[in-house]
Amino acid sequence: MTTITTRTVEYPADGLTMIGHLALPAGVDRRPAVLLGPEGTGLSDVERRRADALAELGYVALAFDLHGGRYLEDPEDMLARCMPLLADPDRMRGIGHAALDVLRTEPRTDPDRTAAVGYGTGGAIALELGRDGANLCAIATVNGLITGRPGEAGRIRCPVWAGVGSEDPIMAPALRDAFTTEMQDAGVDWRLVVYGGALHAFHHPPADHTVRPGVGYHPRHAQRAWRDIVALLAECLPVTD
């Protein structure tokens, strides 16, 4: 395990002051970078630990904020905030670009070698960055198979990897089909992995608050999804010493 450094970063987005978590690998040289988006509940220690793990692999990693430093434990509060957001691609893009700008202006970041990885709402934001033509080397989305406005997927300039649980009632088969049709029609280099028996947010360890029905942790598939994401990064955004 390499020595990493971390710090919080504040930046404006969506009319709020966002508080992200930046993790830096050992050394002083420029490195490829990963933008990491959380589930709809918001930035938590789960995403902070993932950013740290990416830094240990040699990436500059920024786990970005969705709610101005808040973590929305109550499902109704989360839905009240996220449903209008998910229905507004321009707002999602604004949140994503604000965080991506912070990541790219970090001196340790190679701004031409960045990827976006997200879970749930954070995954939808990663996809919207691609649909907006952001210069990304890879996009990964877990539980965030939200389709975009017609034709905009043609602006995606990198491979897209997506993961979803087979028993996820929120990302139902019809949504999966719409997503894959959108990607295929746009000529995107895409992959979809369906994890058998997994529910929504299968990657997220159990939380100590109420969650929506259809949400549940699947530790074996959580590990598999993480390995799949790391493999995507190694393919599209390799770390070289």
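**Figure 1. The surface and overall build of the protein chain.** The accessible surface of the protein chain comes to about 10,100 Å², and 53% of that belongs to carbon and sulfur atoms. Accessible areas here come from the Shrake-Rupley method with a 1.4 Å probe, and for residues only the protein chains shown count as cover. Keep in mind that this is a predicted model: local features need pLDDT of at least 70, side-chain atom pairs count only at pLDDT 80 or more, and totals for chains, interfaces and linings use all residues. Residues are numbered from 1 along each chain as its sequence is written, and side-chain values use heavy atoms, with hydrogens and water left out.

You'll find 6 helices and 8 strands in the protein chain. Helices (H or I, at least four residues) and strands (E, at least two) are DSSP runs, numbered from the N terminus. Going along the sequence, they follow the pattern β-β-β-α-β-α-α-β-α-β-β-α-β-α. The radius of gyration of the protein chain is 16 Å, close to the 18 Å from the globule rule for 241 residues, so the chain is as compact as a globular protein of that length. (That radius is taken over C-alpha atoms, and the globule rule is 2.2 Å times the number of residues to the power 0.38.) Along its principal axes, the C-alpha trace spans about 45 × 40 × 35 Å. Buried residues make up 52% of the 241 residues, where buried means under 20% relative accessible area, exposed over 50%, and partly exposed in between (1.4 Å probe, protein chains only).

**Figure 2. The open sheet.** Here 8 strands line up in the order E1-E2-E4-E3-E5-E6-E7-E8, with mixed pairing. Strand E1 (5-13) and strand E8 (190-195) stand at the edges with a single partner strand each, so one side of each has no neighbour in the sheet. From one strand to the next, the twist averages 20°. Two strands pair if DSSP finds at least two bridges between them. Take strand E3 (residues 31-37) and strand E4 (residues 60-63): they run parallel and are joined by 4 bridges. Look for Ala-33, whose bridge partner in E4 is Val-60.

Figure 3. Helix H3 (residues 89-105) lies across E1, strand E2 (16-24), E3, E4 and strand E5 (109-119), and runs at about 135° to E1. For that angle, axes are lines fitted to C-alpha atoms, for helices over the stretch in contact, and angles run from 0 to 180 degrees between N-to-C directions. A nonpolar core is a set of buried Ala, Val, Leu, Ile, Met, Phe, Trp, Tyr and Cys residues joined through side-chain atoms within 4.5 Å. The largest one has 39 residues, and those touching the most other members are Leu-35, Phe-64, Leu-103, Leu-136, Ile-139, Ile-156 and Val-160. H3 gives the most to this core, with 6 residues.

Now zoom in on Leu-35. Leaving aside neighbours within four places in sequence, Leu-35 is in contact with residues including Leu-62, Phe-64, Leu-100, Leu-103 and Leu-129; contact means heavy atoms within 4.5 Å. There is also a second, separate core of 27 residues, which includes Ala-23, Leu-36, Leu-54 and Tyr-59.

Figure 4. Trp-161 is found in strand E7 and is buried, with a relative accessible area of 3%. Trp-161 and Arg-191 are 30 residues apart in sequence, yet 4.8 Å apart in space, C-alpha to C-alpha. Besides Arg-191, the contacts of Trp-161 beyond four places in sequence include Thr-141, Val-193, Tyr-195 and Leu-232.

Thr-141 lies in strand E6 and counts as buried, at 0% relative accessibility. Leaving aside neighbours within four places in sequence, Thr-141 is in contact with Gly-118, Gly-123, Ala-124, Leu-127, Trp-161, Ala-162 and Gly-163.

**Figure 5. Two loop residues with a positive phi.** Asn-143 is found in the loop between strand E6 (138-142) and E7, and its phi is near 60°. Ala-201 is found in the loop between E8 and helix H6 (219-236), with a positive phi of about 55° although it is not a glycine. Are these two buried or exposed? Asn-143 is buried, with a relative accessible area of 2%, and Ala-201 counts as buried at 8% relative accessibility.
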